[in-house]
Amino acid sequence: MRVPDRYPLASWRAGGSGSQKEAASGLVGVCASSRARSAGSREGREGRAAVGDCRVLSRGGPPHAATMPGMVLFGRRWAIASDDLVFPGAFELFLRVVWWIGILILYLKQKEKLNCVGGALLNSYLIVLIILLAVIICVISAVVYVSMKGTICNPGPRKSMPKLIYIRLALFLPEMIWASLGVAWIADSGVHCDKTVVNAIIATVIVSWIIIASTVVTVIIVFDPLGGKMSPYSTSGTDHLDTNDSSQLLNGLKTAARSVWETRIKLICCCVGKDDHTRVAFSSTAELFSTYFSDTDLVPSDIAAGLTLLHQQQDKKIKDPEEVVSHSLVVSQESDLDTELENCHHYVQFAAAAYGWPLYIYTNPLTGCCKIGGDCCKNRTAEYEFIGGDHLNCHFGSILHTTGLQYRDFIHISFHDKVFELPFLVALDHRKETIVVAVRGTMSLQDILTDLSAESESLNLECEVQDCFAHKGISQAAKYVYQRLINDGILSQAFSIAPEYQLVLVGHSLGAGAASLLAIMLKNSYPEVKCYAFSPPRGLLRLSVTNLEDLKRRILRVIAHCNKPKYKILLRGCWYELFGGDPDNFPTELEGGNQVDLTQPLLGEQSLLIHGSPSYNIFDESPRESPTRYPHLYPPGRIIHLVEDDSSGRSCCCSTSRYSAKWATEAEFSKILIGPKMLTDHMPDILIRALDSVVSERATCISCSTQENFNTNIA
């Protein structure tokens, strides 16, 4: 049976039997992803029970691999390419042409009226302004024309771009002088002249300074702090250096990149505390970004173009029946699919409740404030244990409305939020006779730093699984919740109230990863523990070191194959995302895929870090081994995959279904898939809606089948 894996959402479950991986976990999770097919395979999973890592490895390309050179100006590399000036140049060109025509018409109509005080100066001012604008228009036209030439990997036809940029920047000097003279004229003699002329000069001055200010802001944005270190070597690579010199140079660049990224992160997260955990997270995050981005010469628009091409390529492969992956369903697993889906549908409310009032207001924008407004003013601190956080009663009110429980059903609620320390709640679920521990997902800068602390660390587990590794940030968060539950006696208190209840752990996103590891940690003490992990790492977003590195490799490869200018790729990509279309109508690759042509040196500059990173070949699709610090990580337990279905009809008497469900394998999540819904599908409200749909649909189908069988028997 072929399954077109479009718009998938997924779920995992950790049971108490099966392989080592499943036995150590006991997990069920749910996640969402956007349109694409699931593909790929993975070996060597045995003995590893860990959450997907979101750290990328530093890799490069072969000595003559195609690269995407950033533009070199003033002796340094900038975060902009020579083919990035088509759209901004066209916009400025349109503005300048309209401006020039308006000034010309004004001068021709008003030149007979320039007999006011200072009129002679104004006449000269307008003539020079018309000439200056004409020169600027010519230069911008040349910039746009040259920027449209060549391709991403062939900047040779654009080799004159730096000279044009220098000329364009030089023209800002007379423009600034003339704008200043316009201000002086208005202040001195403008009040004595025709109001139309005065208003036109005022508009001219304002537009001039807006363009100048915009240029300054653009320069600041595209400034690359490492550009001065990279540009001297960008044209020659490292082939002329011996091994020691090349290694020292690369290490120096990586150190500088790490320092720059750490400074940026500290600036962005200036409001986060300065404890030891935060400093470790800053360092880990800086290492992540510096390693991922330091070995290519990609600029942001190259990444956008690559993602656009990959999305079209994915959709093209989905259409090919031979490319669709076939999955055999295991009857023993299929038999309990409905049960697990019903459990997921029930427990996802607890995972959503852990987010507190922000998610509740987001999902109930019209009625949310009214429903929990009264709770915000109540003081229950004396009755219930809250730790940290703001608007605690608002949180509690939203939790009550989301779960449908009573205030007396909650054992512990914590909104204490620091790096590696996640909010969580513990409640008694009398409907399912379970004690539910729900861990919150990402919702703060501290949580993002936890996400990005992505190196792996060993898990010391008292179980049969050996050599376990996990994402460091998620592992630390799980250990924090474990210590709170055990050392503070929270679970003991819960089981003293309901000793016959079963322990269930739930979480969404980052909370799903922490809950998964927490289930492994609690397995010995609570053998029947279960975990439902919704949209876990390596699920929807499929984030892991290996997957991110694979995504970078695919971006490099698809760009290397591309024979279209970047502006055409982006224009067609925007059209495709907004209005759809047939991906076959978007030819983007070299005919025949001639690899020999692709391995020839570029006409433009070569990237130093790609040359100096021989462990990676953009044309080699075989998996690479990760360094010891970043081993392959896998989601434990079984996975339920919810797939958005575009089909117009179904069998039985069921109505058209939006989602279908199936058991899946980890190998189906071995690639990051590109699509317009890849981020929005991760939201808890979308996941809840998908589970509502699939559970309702399957219940209807079962009812239909029962009714049909009954009618058949009667007949």
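**Note on salt bridges, burial and helix geometry**

1. Arg258 counts as partly exposed, at 27% relative accessibility, where buried means under 20% relative accessible area, exposed over 50%, and partly exposed in between (1.4 Å probe, protein chains only). The model is a predicted one, in which local features need pLDDT of at least 70 and side-chain atom pairs count only at pLDDT 80 or more, while totals for chains, interfaces and linings use all residues. Residues are numbered from 1 along each chain as its sequence is written, and side-chain values use heavy atoms, with hydrogens and water left out.

2. Arg258 forms a salt bridge (a side-chain nitrogen of Lys or Arg within 4 Å of a carboxyl oxygen of Asp or Glu) with Glu287, the closest N and O atoms being 2.5 Å apart. This pair links distant parts of the chain, with Glu287 in helix 9 (residues 276–293) and Arg258 in helix 8 (residues 243–268), 29 residues apart; helices (H or I, at least four residues) and strands (E, at least two) are DSSP runs, numbered from the N terminus. Glu287 is buried, at 13% relative accessibility.

3. The count of salt bridges comes to 25. One of them joins the side chains of Arg77 and Asp224, at 3.0 Å from N to O. Because Arg77 lies in strand 5 (residues 76–77) and Asp224 in the loop between helix 6 (195–222) and helix 7 (227–234), the pair ties together parts that are 147 residues apart in sequence. Arg77 is buried at 7% relative accessibility, and Asp224 is buried with a relative accessible area of 10%.

4. Within helix 8, Lys266 and Glu262 lie 4 residues apart, about one turn of the helix, and their side chains meet in a salt bridge of 3.6 Å, N to O. Lys266 counts as partly exposed, at 40% relative accessibility.

5. How far apart are the end C-alpha atoms of helix 12 (residues 337–353)? They are 24 Å apart, which agrees with the 24 Å that its 17 residues should span at 1.5 Å a residue, the expected span being 1.5 Å times one less than the number of residues. Since 12 of its 17 residues are buried, helix 12 is largely enclosed by the rest of the structure; among the buried residues are Glu340, Asn343, His346 and Tyr347.

6. A search of the whole structure finds 0 disulfides, a disulfide being a pair of cysteine sulfur atoms within 2.5 Å. The sulfur of Cys562, for instance, is 8.0 Å from the closest cysteine sulfur, in Cys153, and so is too far for a bond. Cys562 is buried, at 6% relative accessibility.

7. Tyr166 is placed in helix 4 (residues 161–170) and counts as partly exposed, at 35% relative accessibility.

8. Ser456 lies in strand 10 (residues 456–459) and is buried, with a relative accessible area of 15%. Ser456 and Ser475 are 19 residues apart in sequence, and 8.8 Å apart in space, C-alpha to C-alpha.
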